[in-house]
Amino acid sequence: WEFNGSFYQPSAFLMMGIPGLEALHHWISIPFCALYLIALLGNCMILFIIKKTPSLHEPMYYFLSMLAVTDLGLVLCTLPTTLGIFWFNMRRIGFDACLTQMYIIHLLSFIESSVLLAMAFDRFIAISHPLRHSSILTKTTVIKIGLAIILRGMVSLLPIPFLLKRLTYCGKTELSHSFCFHPDIMNLACADIKVNVFYGMIILLSTVGMDFIFIVLSYILIIKTVISLATKEECLKALNTCVSHICAVLVFFIPMIGLSMIHRFGKNVPPLVNTLVAYTYLIIPPALNPIIYSIKSSHIREALLRALRRK
């Protein structure tokens, strides 16, 4: 512990694996390793295929590349601490290292949310204004959107580590997960955390919350456009281009909303449920997104088959 008058700050936190199943951590690590491996190989494959296939150099696949890079970042950020606990019982993480990991995890989550919104906008333009799609979403515009997404996340989350560093901590130093999460750290403080709660809620609602609302609005407009199409075949063809994106949105937002609700209102929720939802939120989307897009996108699938034939 570091002491400065009445101000206490732990030098480290203790991370938690899966509560009640500590004796089985080595066996539990096997499915986790499989998911991490799928996420790493799958997202690297997506990036490789898009880079090597000129026909995929379009806004939809540029945004998919951003999604793959974000998923890789989430995997690489949580993998060392999660497997460190399962394999070596390395539970200790320094205070500043924990704040750094927390900032990166939240930043990448916010970026993923914004990229999913950009992909919804791309689908709306492609279906509602197909002739103007390439002129609206040029390569320069896509780059600007990407930079704006990163800047928004970095600026909005920048105060969070400093708000946590100003708090006095006492008693428990044990986190609920094998990674650092803002509400989890905040709840260990014995000081007034109203500012942290208020700021965290405002940022969550104004970024991820607004992204989700605009995604829903985009699909309402897409459905209105699709209904106006002449034939049933055209309707199905237009909607089929959105299936993979809808799956990615559901896979990301459902666990994220669940975890946020548990941390803020679920004091009586069993620790095991909290832990499983957290792992679902951070590991399942990076592993499933490459599979979803490989199965549903004929262009990705064909490019992958061509690459395998060449080898």
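**View 1. Surroundings of leucine 164 in the predicted model.** Leaving aside neighbours within four places in sequence, leucine 164 is in contact with Phe95, Leu99 and Met102, and also with Tyr169, His182, Ile185, Met186 and Asn196. In this predicted model, Leu164 also belongs to the largest nonpolar core, where Leu164 is among the residues that touch the most other members.

**View 2. The largest nonpolar core.** This core holds 87 residues, and those touching the most other members are Phe13, Leu64, Leu116, Leu164, Tyr169 and Ile185. Helix 3, which spans residues 95–128, gives the most to the core, with 18 residues. Tyr169 and Ile185, both named in this group, are also contacts of leucine 164.

**View 3. The fold as a whole.** The protein contains twelve helices and four strands. Its radius of gyration is 21 Å, close to the 19 Å that the globule rule gives for 311 residues, and the protein is therefore as compact as a globular protein of that length. Taken along the principal axes, the box filled by the C-alpha atoms is roughly 70 × 45 × 35 Å. Among contacts between residues at least 6 apart in sequence, 80% join residues that are at least 24 apart.

**View 4. Burial, surface and charge.** Of the 311 residues, 49% count as buried, while the protein exposes about 15,700 Å², of which carbon and sulfur atoms supply 72%. The protein carries 24 positive and 14 negative charges, and the mean positions of these two sets are 6 Å apart.

Technical notes: Residues are numbered from 1 along each chain as its sequence is written. This is a predicted model: local features need pLDDT of at least 70, side-chain atom pairs count only at pLDDT 80 or more; totals for chains, interfaces and linings use all residues. Side-chain values use heavy atoms; hydrogens and water are left out. Helices (H or I, at least four residues) and strands (E, at least two) are DSSP runs, numbered from the N terminus. The radius of gyration is taken over C-alpha atoms; the globule rule is 2.2 Å times the number of residues to the power 0.38. Buried means under 20% relative accessible area, exposed over 50%, partly exposed in between (1.4 Å probe, protein chains only). Contact means heavy atoms within 4.5 Å. Accessible areas come from the Shrake-Rupley method with a 1.4 Å probe; for residues, only the protein chains shown count as cover. Lys and Arg count as positive and Asp and Glu as negative; His and the chain ends are not counted. The place of a charge is taken as NZ of Lys, CZ of Arg, CG of Asp or CD of Glu. A nonpolar core is a set of buried Ala, Val, Leu, Ile, Met, Phe, Trp, Tyr and Cys residues joined through side-chain atoms within 4.5 Å.
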